[in-house]
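Hi,

Here is the structure I said I would pass on.

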Amino acid sequence: MREHAGRYAVVDAAPEQARADAAAAGWEELGGTERTIAALVADGLTNGEVASAVHLSPHTVNYHLRRIYAKLGIRSRVELARLALSAPRRLLSP
């Protein structure tokens, strides 16, 4: 929620914290392959590079990414990278 105080917007952190909590719970739902793919994407690899690393097709990697996004409640690689960088490393290992 935003409130304007003069020239500056005051942003309520509660929705962002709730989203972060939901994402943390989502990490627990990820399977081993999904965690591996999430970690590789967070490291900056493209779908093709991830596919080569895990011996899957790029189409299959894309499928896994859509499932990861749904489980974590996110919509992009950028959000995935941000969550992965803030998540405990144990949640990213398969």
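**Starting from Glu34**

Leaving out residues up to four places away in sequence, Glu34 touches Glu29, His64, Arg67, Ile68 and Lys71, where touching, or contact, means heavy atoms within 4.5 Å. Glu34 sits in helix 2 and is buried, with a relative accessible area of 5%. Buried here means under 20% relative accessible area, exposed means over 50%, and partly exposed is in between (1.4 Å probe, protein chains only).

Before you go further, keep in mind that this is a predicted model, where local features need pLDDT of at least 70 and side-chain atom pairs count only at pLDDT 80 or more, while totals for chains, interfaces and linings use all residues. Residues are numbered from 1 along each chain as its sequence is written, and side-chain values use heavy atoms, with hydrogens and water left out.

**The whole chain**

The protein chain has five helices and two strands, in the order β-β-α-α-α-α-α along the sequence. Both kinds of element are DSSP runs numbered from the N terminus: helices are H or I with at least four residues, strands are E with at least two. Of the 94 residues in the chain, 32% are buried. The accessible surface is about 6,100 Å², and 56% of that belongs to carbon and sulfur atoms; the areas come from the Shrake-Rupley method with a 1.4 Å probe, and for residues only the protein chains shown count as cover. Taking contacts between residues at least 6 apart in sequence, 53% join residues at least 24 apart.

How enclosed is helix 2 (residues 32-42)? Eight of its eleven residues are buried, so helix 2 is largely enclosed by the rest of the structure. Ala38 is one of the buried residues of helix 2, at 0% relative accessibility. Setting aside neighbours within four places in sequence, Ala38 is in contact with Trp27, Ile68 and Leu80.

After helix 2 comes Gly44, with a positive phi near 100 degrees.

**How the helices pack**

Helix 2 and helix 3 (residues 47-54) pack at about 135 degrees, with their axes 10 Å apart. That makes helix 2 oblique to helix 3, since angles under 35 degrees count as roughly parallel, over 145 as roughly antiparallel, 65 to 115 as roughly perpendicular and the rest as oblique. The axes are lines fitted to C-alpha atoms, for helices over the stretch in contact, and the angles run from 0 to 180 degrees between N-to-C directions. Thr36, Ile37, Leu40 and Val41 of helix 2 meet Val50, Ala53 and Val54 of helix 3.

Further along, the axes of helix 4 (residues 58-72) and helix 5 (residues 77-86) come within 11 Å and cross at roughly 60 degrees. Leu65, Ile68, Tyr69 and Leu72 of helix 4 make this contact with Arg77, Leu80 and Leu83 of helix 5.

His55 is in the loop between helix 3 and helix 4. Its phi is positive, about 60 degrees, although His55 is not a glycine. Most residues other than glycine have a negative phi. Is His55 buried or exposed? His55 is exposed, with a relative accessible area of 69%.

Cheers
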